[in-house]
Amino acid sequence: MTTPAILILEDGRTFHGRSYGAVGQALGEAVFATGMTGYQETITDPSYAGQLVVQTAPHIGNTGVNTEDAESVRIQVAGYIVRDPARRPSNWRSESSLDDELVRQGVVGIAGIDTRALTRHLRDAGSMRGGIFSGPAAERPVAELAAEVAASPQMTGARLAETVSVSEPEVIEPADHGWDGPVRFTLAAVDLGIKAMTPHRFAERGVRVHVLPADTTWEQLTALQPDGVFYSNGPGDPATADDQVALLRRVLDARIPFFGICFGNQLLGRALGFGTYKLRFGHRGINQPVMDRSTGTVEITSQNHGFAVDAPLDGPVPAPAGDYGRVEVSHVCLNDDVVEGLRCLDIPAFSVQYHPEAAAGPHDAAYLFDRFVSLMEEDQQDAHDGREVTGADTADDPARTGDAQPAQPHAHATTEDSH
């Protein structure tokens with residue numbers, strides 16, 4: 001026996017299918033993800049909080065789920081939409097079926113609908129609020145269900161990072177991830193919805209990672225005496241993250257090396273004085289083409305974002321806010337020219353909009369972790385030699401050193417703004 005289910009979008013478009021996962025109702029922003037694999041990593045990515053995720057790949061659940069591939073402690077999607085779920089998993093690593101896991105965690109889904117038609121609709125009309133209803137919830141009048149969707153919160157203006165962040169600090173040790181030498185650096189990673197693979201990528205390179213709650217203060221951060229600061233991916237509208245932007249500006253003012261991804265890229269943009277805006281349907285998948293403008297290299301990247309930084313592509317330009325010198329757009333999406341990375345030329349800070357940890361996805365962008373480790377290494381050497389901290393790229397581009405504006409070096413001292 002199958003339980004009927006219905007998906008209703010805020011513009012009135014409806015899709016009838018059958019219940020998948022838990023029976024009940026789920027409200028959120030309907031978005032589509034184009035990955036052909038990695039569905040477990042997708043649904044456990046905290047950046048999907050508050051969203052009804054449509055899988056464009058028709059067959060979902062073939063390999064089941066396991067305890068190793070989850071990117072967080074639970075399924076994060078508000079609801080799940082698929083076309084043809086596997087009747088039973090078939091993989092030697094499978095520990096449970098996807099359907100059973102959705103039921104266990106109370107995640108409402110719908111299956112058996114035309115996800116291609118739904119994706120085309122969202123691509124043309126834009127991501128919008130929706131609702132999945134099954135069981136008794138689906139027996140109510142459609143007009144009543146549509147009104148409930150229309151009354152649900154919008155993603156614009158949503159503050160969600162605090163809802164998915166760790167509540168207490170956690171430490172990821174390099175020795176637990178294959179590193180057999182001494183710890184090279186200490187990293188303060190502010191968790192705005194961090195994926196589990198990200199601190200692992202740092203730990204593999206000898207970096208001890210302190211994963212910190214989203215509401216971490218300057219005093220708590222500097223008490224760790226970090227060699228660098230990292231802002232993670234995460235859900236919600238970056239325009240709501242004023243506290244995290246204020247903290248980041250103190251990091252930049254102290255010239256502590258900074259690296260941000262996804263939500264962290266958007267917050268770096270805000271800290272530098274740029275605006276952010278909501279994309280029509282966002283970038284979600286593991287096949288997004290991005291160009292590194294400094295090398296001309298094209299990377300195929302894993303992405304999950306619905307907001308972007310509004311910065312000029314014809315840089316470098318002076319940072320609109322603060323004493324941060326020049327900034328350039330370092331990476332750009334080849335599909336639509338959306339800003340995919342920022343690079344500060346006079347302070348040690350850079351960010352990208354995509355997910356270089358690639359869980360799931362290609363490893364084209366793994367070099368970014370090495371780039372940040374090198375930035376911390378250069379900064380440590382500068383502090384040791386007593387030199388001023390120069391821009392993020394002057395070590396590998398001598399032509400830029402001549403007109404670089406001087407930056408105040410941060411000190412490993414006991415002043416309030418030291419680290």
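How many helices and strands are there in the protein? There are ten helices and 20 strands, counted as DSSP runs (H or I of at least four residues for helices, E of at least two for strands) and numbered from the N terminus. This is a predicted model, in which local features need pLDDT of at least 70, side-chain atom pairs count only at pLDDT 80 or more, and totals for chains, interfaces and linings use all residues. Residues are numbered from 1 along each chain as its sequence is written, and side-chain values use heavy atoms, with hydrogens and water left out.

**Confidence**
- The average pLDDT (the predictor's confidence in each residue, from 0 to 100) is 91, and 92% of the residues score at least 70.
- Residues 389–419 have a pLDDT below 50.
- Where pLDDT is low, the predicted coordinates should not be read in detail.

**Overall form**
- The C-alpha trace spans about 75 × 45 × 40 Å along its principal axes.
- Buried residues (under 20% relative accessible area, 1.4 Å probe, protein chains only) make up 56% of the 419 residues.

**Nonpolar cores**
- A nonpolar core is a set of buried Ala, Val, Leu, Ile, Met, Phe, Trp, Tyr and Cys residues joined through side-chain atoms within 4.5 Å.
- The largest such core has 37 residues, of which Y231, L248, L252, F258 and L272 touch the most other members.
- Elements that each supply at least two residues of this core include β11 (185–190), α9 (263–271) and β18 (326–333).
- α8 gives the largest share of this core, five residues.
- A second, separate core of 25 residues includes V166, L187, V373 and M376.

Definitions and conventions:
Buried < 20%, exposed > 50% of the residue type's maximum accessible area, 1.4 Å probe, protein only. Contact = heavy atoms within 4.5 Å.
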